[in-house]
Amino acid sequence: MSLVVQKYGGSSVADAEGIKRVAKRIVEAKKKGNQVVAVVSAMGDSTDELIDLAEQVSPIPAGRELDMLLTAGERISMALLAMAIKNLGHEAQSFTGSQAGVITDSVHNKARIIDVTPGRIRTSVDEGNIAIVAGFQGVSQDNKDITTLGRGGSDTTAVALAAALDADVCEIYTDVDGVFTADPRVVKKARKMDWISFEDMLELAASGSKVLLHRCVEYARRYNIPIHVRSSFSGLPGTWVSNERPQQSAQSAQGAEQVEHALISGVAHDVSEAKVTVVGVPDKPGEAASIFRAVADAEINIDMVVQNVSAASTGLTDISFTLPKAEGKKATAALEKIKPSVGYDSLRYDDQIAKISLVGAGMKTNPGVTAQFFEALSDAGVNIELISTSEIRISVVTRADDVKEAVQAVHTSFGLDSDSEEAVVYGGTGR
């Protein structure tokens, strides 16, 4: 008997009909002889609606109370889904994150999982029940407060439970048929991949791909949990994310497609970041360290960093970096505090940017990839503001208005366009 963990996003359980459809899919998996644990997100956009409501009541909601509020969304979904399954003649039990044994640190609104002790879940499935778990939430190890894992945290909940339960597979159900070579909302000819490695998926997720959360893929790679990304709106096979290509997928891949897949996995974009430029920084040891220490002390993650060559006449340089838009005000406030000690001239903040990334494990051994990438952007009339690279990724920052043209140009240039029908987006949210 296999143990399967399934996760359903908000678009999959957006309304009563969606919940009934998901219940039927879960029951089908149970009828095949599997033990099933299902992780659910809040219905549709209910999390956003709860955040808006909180901000109407309090401009800066207290983190603890906001977590208490937001976890209500998943509790509604799990209870309704359990009811729908029982109507189909199968036993189901719903569990909150804390009841499921998801133990986190004490950071509200973006907690990290420390441990999972799924004793109640194991007992429930061993008794023949289908276990329904509220995603996105846990309980603090220190003070037993309810915590949330941040946006997309249900993916991480599902993989963490799969690892703790030693599941055979973690199925992530979303509103697209799998992982595509680009966002099908932007590139209509994006091609669905049968398989992608953990490494390439990590880069795509970190670069803005919405279909899987970066933390979820990182967790799956650490515990070697294969992920099967599928649509809850169709019965089509999805995309496997794992260390090694599944045998069936390897056999179905043709020679030319295998070569192409080994080179380029896809193009990702991200419009949720902003750029901060610290202008006129004295070019001497310790100044950059002071700048990034101030940002780190504010608990802000940064992405791309570029420092210009200092001007010989002034001995000053500019340092630019990108960060989440939501952290922009906090970052600039932290940097203003150290202006007297660092002695920089001014700050520039720009939230009308986009990041475009090309990802592929074979890039480092294939000359010309970088040149082709920049030529495609040039031919599309897209100007580049920042550049960052790794062994399997090239990222650039452009104007936000250019993102669609840039992604489409790069996608076409590297032969990633599908010859078949356009990709279908069932729900429209990407999760």
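Helices (H or I, at least four residues) and strands (E, at least two) are DSSP runs, numbered from the N terminus. This is a predicted model, in which local features need pLDDT of at least 70 and side-chain atom pairs count only at pLDDT 80 or more, while totals for chains, interfaces and linings use all residues. Residues are numbered from 1 along each chain as its sequence is written, and side-chain values use heavy atoms, with hydrogens and water left out.

**Confidence**

- The average pLDDT of the chain (the predictor's confidence in each residue, from 0 to 100) is 91, and 95% of the residues score at least 70.
- Residues 254-262 have a pLDDT below 50, and this stretch has 13 contacts in the model beyond near neighbours in sequence; contact means heavy atoms within 4.5 Å.
- Where pLDDT is low, the predicted coordinates should not be read in detail.

**Backbone**

- Phe136 is in the loop between strand E6 (130-134) and strand E7 (137-140), and has a positive phi of about 80° although it is not a glycine.
- With 6% relative accessibility, Phe136 counts as buried; buried means under 20% relative accessible area, exposed over 50%, and partly exposed in between (1.4 Å probe, protein chains only).
- Lys144, in the loop between E7 and strand E8 (146-148), also is not a glycine and has a positive phi, of about 65°.
- Lys144 counts as exposed, at 60% relative accessibility.
- Most residues other than glycine have a negative phi.

**Nonpolar cores**

- A nonpolar core is a set of buried Ala, Val, Leu, Ile, Met, Phe, Trp, Tyr and Cys residues joined through side-chain atoms within 4.5 Å.
- The largest such core has 71 residues, and those with the most contacts inside it are Val5, Val37, Met201, Leu212, Ile227 and Leu358.
- Apart from neighbours within four places in sequence, the contacts of Leu212 include Asp155, Ile172, Met201, Ala205 and Ile227.
- A second, separate core has 21 residues, including Val36, Val40, Ala84 and Ile85.
- In soluble globular proteins, nonpolar side chains tend to be buried together.

**Salt bridges**

- The whole structure holds 18 salt bridges, each defined as a side-chain nitrogen of Lys or Arg within 4 Å of a carboxyl oxygen of Asp or Glu.
- Arg399 forms a salt bridge with Asp350, and the closest N and O atoms are 2.2 Å apart.
- This pair links distant parts of the chain, with Arg399 in strand E20 (residues 393-399) and Asp350 in strand E17 (residues 346-350), 49 residues apart.
- Arg399 is partly exposed, with a relative accessible area of 29%.
- Arg399 and Asp350 belong to a network of salt bridges that also links Lys275 and Glu385.
- Glu199 and Arg221 meet through their side chains in a salt bridge (3.8 Å, N to O).
- Because Glu199 lies in helix H6 (residues 198-206) and Arg221 in helix H7 (residues 214-223), the pair ties together parts that are 22 residues apart in sequence.
- Glu199 is partly exposed, with a relative accessible area of 35%, and Arg221 is partly exposed at 35% relative accessibility.
- Arg185 forms a salt bridge with Asp183, with the closest N and O atoms 3.1 Å apart.
- Arg185 is partly exposed, with a relative accessible area of 24%, whereas Asp183 is buried, with a relative accessible area of 15%.
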